[in-house]
Amino acid sequence: MGLTAETSFNVNEKEWNDNICHQPFSTAYQMAGFYNPHKLAFESKQFYISVKNNSNNLVAQLTGVIHFKDFWSVGSELSNYSSSKSNSMIVWNHGPIIHDYTEIDDILKLILCELDKIAITNKINVIKGTSAPLSKQFSNSQFQKFEYNCTPWITNVTQLSKNSEEFFLELHNKTRYDI
């Protein structure tokens, strides 16, 4: 199956969001308007990556933001540090969203290539992101081929029928400290 990836800076938000909502593990982080506050407050630039198969069906999508100034310290998510000295970075959260897992490695490779193109065009210093917490996880080897540093993390699933005291006591002491 032939796959193509396309990056854009404007999308039909309703169509983008409708596609995101078809996946049960999608989060608001991948919605079209999520980075609007960043655009307004920091003059950042939101981007959208779409991957389609040869039948022109959407098989994956990712939205993120380009920060032209580093207002945050570099975290321990998936990250790719370039040798550039600028303070700019690409950030994405809880993505990409995959609609068809049959060629997941090829899809991820195309998305990472698109991220590299954005980075080169915009003189980006850092690329960092997190995967969708409840989706099928990507192989770290694919990220490592693109020189990403992968740091595992977890999503805690909480039983909400417990009262807050019971819940708090069951947490690891480091987690309690972080809260």
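Is Y48 buried or exposed? Y48 is buried, with 3% relative accessible area, where buried means under 20%, exposed over 50% and partly exposed in between (1.4 Å probe, protein chains only). This is a predicted model, so to speak of local features a pLDDT of at least 70 is needed and side-chain atom pairs count only at pLDDT 80 or more, while totals for chains, interfaces and linings use all residues. Residues are numbered from 1 along each chain as its sequence is written, and side-chain values use heavy atoms, with hydrogens and water left out.

**Figure 1. The whole chain, from end to end.** The protein has six helices and seven strands, taken as DSSP runs numbered from the N terminus (helices are H or I, at least four residues; strands are E, at least two). Starting at the N terminus, the order of elements is β-α-α-β-β-β-β-β-α-β-α-α-α. Of the 179 residues, 39% are buried. Among contacts (heavy atoms within 4.5 Å) with a separation of 6 or more, 71% are between residues 24 or more positions apart.

Figure 2. The pLDDT is the predictor's confidence in each residue, on a scale from 0 to 100. Its mean over the protein is 82, and 82% of the residues reach 70 or more. Residues 74-85 are a stretch with pLDDT below 50, yet the model gives this stretch 40 contacts beyond near neighbours in sequence.

**Figure 3. W16 against Y48, and the other aromatic pairs.** Rings of Phe, Tyr and Trp (its six-membered ring) pair if their centres lie within 6.5 Å; planes under 30 degrees apart are stacked, over 60 edge-to-face, and the rest tilted. The count by this rule is five aromatic pairs. One of them is W16 with Y48, edge-to-face at 5.0 Å centre to centre and 70 degrees between the planes. This pair ties together distant parts of the chain, since W16 sits in helix α1 (residues 13-21) and Y48 in strand β2 (residues 45-53), 32 residues apart. W16 is buried too, at 5% relative accessibility.

Figure 4. F34 counts as partly exposed at 28% relative accessibility, whereas Y35 is buried at 1%. Together with Y29, F34 and Y35 form one aromatic cluster.

**Figure 5. A lysine over a ring.** K45 lies over the face of F9, at 4.2 Å from the ring centre. A charge sits over a ring if NZ of Lys or CZ of Arg is within 6 Å of the ring centre and within 35 degrees of the ring normal.

**Figure 6. H67 and its surroundings.** H67 belongs to strand β3 (residues 58-67) and is buried at 3% relative accessibility. The side chains of H67 and S44 are joined by a polar contact of 2.7 Å. A polar contact is a pair of N or O atoms within 3.5 Å; within protein, one must be able to donate a hydrogen and the other to accept it, and residues adjacent in sequence count only if both atoms are side-chain atoms. H38 is 29 residues from H67 in sequence, and their C-alpha atoms are 8.2 Å apart.

**Figure 7. Inside the nonpolar cores.** A nonpolar core is a set of buried Ala, Val, Leu, Ile, Met, Phe, Trp, Tyr and Cys residues joined through side-chain atoms within 4.5 Å. The largest one has 25 residues, and I90, I107, I111, L115 and Y148 have the most contacts inside it. At least two residues of this core come from each of β2, β3, β5 and α3, with α3 giving the largest share, eight residues. Leaving aside residues up to four places away in sequence, I111 touches I49, V51, A60, L62 and P96. A second, separate core of seven residues includes W16, F25, Y48 and A132.

Figure 8. Most residues other than glycine have a negative phi, and most peptide bonds are trans. G95 and P96 are joined by a cis peptide bond, with omega about 0 degrees, and P96 lies in the loop between β5 (89-92) and β6 (97-98). K123 is not a glycine but has a positive phi of about 55 degrees; K123 is in the loop between α3 (104-121) and β7 (126-129) and is exposed at 62% relative accessible area. E147, also not a glycine, has a positive phi of about 65 degrees. E147 is in the loop between α4 (140-145) and α5 (164-170) and is exposed, with 61% relative accessible area.
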